[in-house]
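Here is a short report on aromatic contacts and backbone details. Please look at the sequence and the model first.

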Amino acid sequence: MAPILALTLDLDDTLWPVLPALERADQAVDAWLRQHHPEVAQAWPIAAMRELRARVAAERLDLAHDFTTQRQLTLQHAFASCGVADAPIDALWEIYFAARNSVELYPDSLPALRRITARWPLASLTNGNADLQRIGIHAHFVHHICARDSGMAKPDARIFLAAAERLGVPAQQILHVGDDPSMDVAGARDAGLRTAWLNREGARWPDDMGEPPELDLRDMTALADWLEAQHPIP
């Protein structure tokens, strides 16, 4: 095979577990509402707010690539239903966004990023709204490709090809790494990229996902080890 010249990398549940951050973010918004708008907090506790967001996502399929706007519309609806026309969306979004980006990297993530980016250009490729600057790892990435800015989301082949164009590397010489069999592995495979499944739980490849990934790796250390073994320094 042709050598790997660049990588694209998923973020949530690849470099850090996302659920704890999402839960903290929901709790931070709820705490602010209880203090400043108790009527909204009472009408829309965390579970109800999550159900409302799911309903917004189902009704606004045109926003399937834009989690940020989905959440902002959810807040607008919650306030409007309580008779509050001027919802403090910007303030609440900052509260949510700060907590959502207060993530704890897996222990293997940062050491592996340092090894990989010393030799290969790396682009983040995400459907979420992680902020690499706030998280403190932006220096390891030459590009940040997100669904909201691209107007399309994984597994759409176009977002992978957009990343390849930004990197200036043929798709077949880019290794995409991510935790989701459908969004990451199948999406990248169908776009012509090489694929690595970051399979931290040691799960079995789903039978309905077609061809398995080229690499099935337990952590980022295994990825760095494989890359260095396959591409030794002359």
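## Basis of the report

This is a predicted model, in which local features need pLDDT of at least 70, side-chain atom pairs count only at pLDDT 80 or more, and totals for chains, interfaces and linings use all residues. Residues are numbered from 1 along each chain as its sequence is written, and side-chain values use heavy atoms, with hydrogens and water left out.

## Aromatic pairs

A pair of aromatic rings is described by the distance of the centres and the angle of the planes. Rings of Phe, Tyr and Trp (its six-membered ring) pair if their centres lie within 6.5 Å; planes under 30 degrees apart count as stacked, over 60 as edge-to-face and the rest as tilted. Searching the whole structure gives three aromatic pairs. One of them joins Trp93 and Phe97: the ring centres are 5.5 Å apart and the planes are at 25°, so this pair is stacked.

Both Trp93 and Phe97 belong to helix α5 (residues 89–100). They are four residues apart, about one turn of the helix. Helices (H or I, at least four residues) and strands (E, at least two) are DSSP runs, numbered from the N terminus. Trp93 has 11% relative accessibility and counts as buried. Phe97, at 13%, also counts as buried. Buried means under 20% relative accessible area, exposed over 50%, and partly exposed in between (1.4 Å probe, protein chains only).

Trp197 and Trp205 make an edge-to-face pair. Their centres are 5.1 Å apart, with 75° between the planes. Trp197 is buried at 4% relative accessibility. Trp205 is buried at 13%.

## Charges over rings

Which residue lies over the face of Tyr106? Arg200 does, at 3.7 Å from the ring centre. A charge sits over a ring if NZ of Lys or CZ of Arg is within 6 Å of the ring centre and within 35 degrees of the ring normal. Arg53 places its charged end over the ring of Phe67, 5.4 Å from the centre.

## Backbone features

The peptide bond from Lys154 to Pro155 is cis, and its omega is near 15°. Pro155 is in the loop between α8 (147–150) and α9 (157–167).

Asp13 is not a glycine, yet its phi is positive, at about 65°. This residue, Asp13, lies in the loop between β1 (6–9) and α1 (19–36). With 30% relative accessibility, Asp13 counts as partly exposed.
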